[in-house]
Amino acid sequence: MWGEKTFRCGTVLILTILLLCVCLPWVMPQDPYAQNLEEISQPPSLAHPFGTDFFGRDLFSRILYGGRLSLTIGIVVTFFAVVIGTIIGMVSGYFGGWPDAALMRFVDVMLGFPRLFILLTVIGFTRPSFGLMLAVLSLFSWMEVARIVRAEVLTVRERLYVKSAVALGLSRRRVLFRYIFPNILSPIIVSATLMVGSVIVIESGLSFIGMGVQPPDASWGTILNQGFQDLAGAWWITLFSGLAIVVTVIGFNLVGDGLRNILDSKTGVRES
Amino acid sequence: MVINPGRQILLEVKNLTVRYRQRNGFGWREKTVDALNDVSFFIHRGETLALVGETGSGKSTIAMSILHFVSPDSGEILYSGEDVWKFKRAELRAYHRKIQPVFQNADESLNPRLKVRSMLVDALVPALSTEEKNRRIREYLSAVQLDEDVLDCFPHQLSGGQKQRVCIARALATESEMLILDEAISSQDLSLQAHLLKLLSELKKKFSLTYLYISHDLETVRVIADRVGIIKDGRLIEIGEKDEIFNSPEEPYTQLLLERSRF
């Protein structure tokens with residue numbers, strides 16, 4: 001597994017970022033909310049590796065704190081989306097018939113709404129908050145997973161080992177969770193990894209236009225927005241928060257692609 | 001076709017017809033293909049009936065229909081006199097445990113994510129104690145001549161012959177009355193085939209099983225079968241005692257099959 005280059009690069013990137021975001025805020029001396037008006041808009045230096053922002057706050061600390069928020073949203077939303085999508089996809093694929101037709105039309109309807117506009121509408125009518133963003137993003141991200149899972153279940157349930165399991169007189173729940181679910185895990189894991197990246201991008205986008213995480217809380221999107229106000233003067237704010245997003249998303253995509261390569265070649269079910 | 005009055009009929013297939021529907025690319029016109037056409041036969045308890053036919057003749061469809069996986073368009077399948085396609089869910093689960101398939105492709109028949117031990121445990125009656133389960137697993141393993149080492153292996157760690165034995169052990173573990181051997185030994189090499197045939201005969205005696213042996217290979221049929229049915233293009237064209245079929249076949253197609261198998 002470790003021999004797969006894409007996977008290795010992605011894992012190293014993600015682990016580094018996770019480690020920095022999780023551990024460093026405890027070690028870093030600077031408080032990400034502490035304003036120091038004597039050090040406003042300082043370019044990167046030894047004391048402030050990423051410089052400071054318009055309120056004299058240390059940007060490195062803020063990006064790490066922001067990373068906690070952005071990563072939490074990415075991972076939590078993906079978790080819920082994958083759980084919802086997997087349940088709906090499995091029910092749809094395994095039972096077929098009218099539940100399948102009804103659920104898949106529901107998926108079509110959900111996919112028919114442009115996700116970003118729904119998010120903006122919902123958030124626009126209420127007060128933007130962390131919890132609301134988690135909920136809305138989760139509720140509008142599961143459809144792709146549901147489709148993938150359904151398609152996988154449709155193939156796997158025709159396999160002889162599933163037929164053999166049915167012939168053992170096992171209950172439908174047991175067949176589903178013991179014989180089908182473990183054999184569709186790899187595409188689920190791959191799409192989950194890829195989803196984390198895309199959710200982080202959406203979260204950053206929302207925060208960038210002021211509909212997501214609200215200042216003074218930091219997320220990569222809000223910091224990016226802040227830097228945008230004086231792109232020429234304080235370029236480091238935009239550069240480093242943008243880089244954080246890009247590197248993280250690339251990391252998750254690399255892991256996703258790498259996992260796909262590894263899992264495909266191992267099961268030999270799909271062409272690599 | 002004379003029904004022997006002294007013996008109990010375990011499974012009876014009556015006028016079984018199965019059609020597969022094919023649609024053209026746009027899903028407009030439907031074309032039906034007769035996979036099975038008015039097939040009738042029965043199997044006595046304790047007997048081995050072999051169904052012989054070429055690839056695509058419909059013999060596996062018979063197996064799938066008996067196993068309740070392919071629904072018949074008309075006709076009945078009676079197990080101990082009861083129509084299996086009228087079973088409710090609980091009855092169906094009980095029926096499934098009595099009639100176990102062993103497929104040609106052992107690789108495909110074993111869940112790649114489960115160890116052999118878990119697969120066998122799944123086949124046992126759930127109410128048994130752990131000790132009793134372990135005892136039975138050992139018994140079935142030794143019946144199919146496998147070492148206990150295989151219990152902690154995943155299917156991909158086993159050889160082809162071992163996998164097929166695991167499949168047979170699993171089929172026995174449900175305390176089944178009948179095995180449907182759908183080309184069960186065809187993919188093995190010749191020496192292993194001979195070995196498995198011998199094993200199947202022993203198991204049949206030991207566990208008083210009934211076999212429906214489906215194959216294209218007349219040589220193995222000659223060894224194992226009591227009666228033989230010949231399937232061609234979805235029809236059962238001839239059925240009778242093994243010696244009748246092998247020594248004095250009536251249908252020209254049967255004669256042709258026999259001639260070909262002499263090479």
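A nonpolar core is a set of buried Ala, Val, Leu, Ile, Met, Phe, Trp, Tyr and Cys residues joined through C-beta atoms within 7 Å. In this predicted model, the largest such core holds 133 residues. The members that touch the most other members are B:A50, B:A169, B:L181, B:L212 and B:Y213.

| Residue | Residues in contact, beyond four places in sequence |
|---|---|
| B:A169 | B:L120, B:Y140, B:L141, B:V144 and B:L146 |
| B:L124 | B:K133, B:R136 and B:A173 |

B:L124 has 19 other C-beta atoms within 10 Å. Because a residue is buried only with 20 or more such atoms and exposed with 12 or fewer, B:L124 is classed as partly exposed. Along the chain, B:L124 and B:I237 are 113 residues apart, and their C-alpha atoms are separated by 39 Å.

The two chains also meet. Chain A brings 13 residues to the contact and chain B brings 19 residues. On the side of chain A that touches chain B, α7 (160-167) and α8 (172-208) each supply at least two residues. The most comes from α7(A), with six residues.

Key: Residues numbered from 1 in each chain as written. Chains lettered and ligands numbered in written order. Predicted model: local features only at pLDDT ≥ 70, side-chain atom pairs only at ≥ 80, totals over all residues. Contact = placed C-beta atoms within 7 Å. Helix = DSSP H or I, 4+ residues; strand = E, 2+ residues; numbered from the N terminus.
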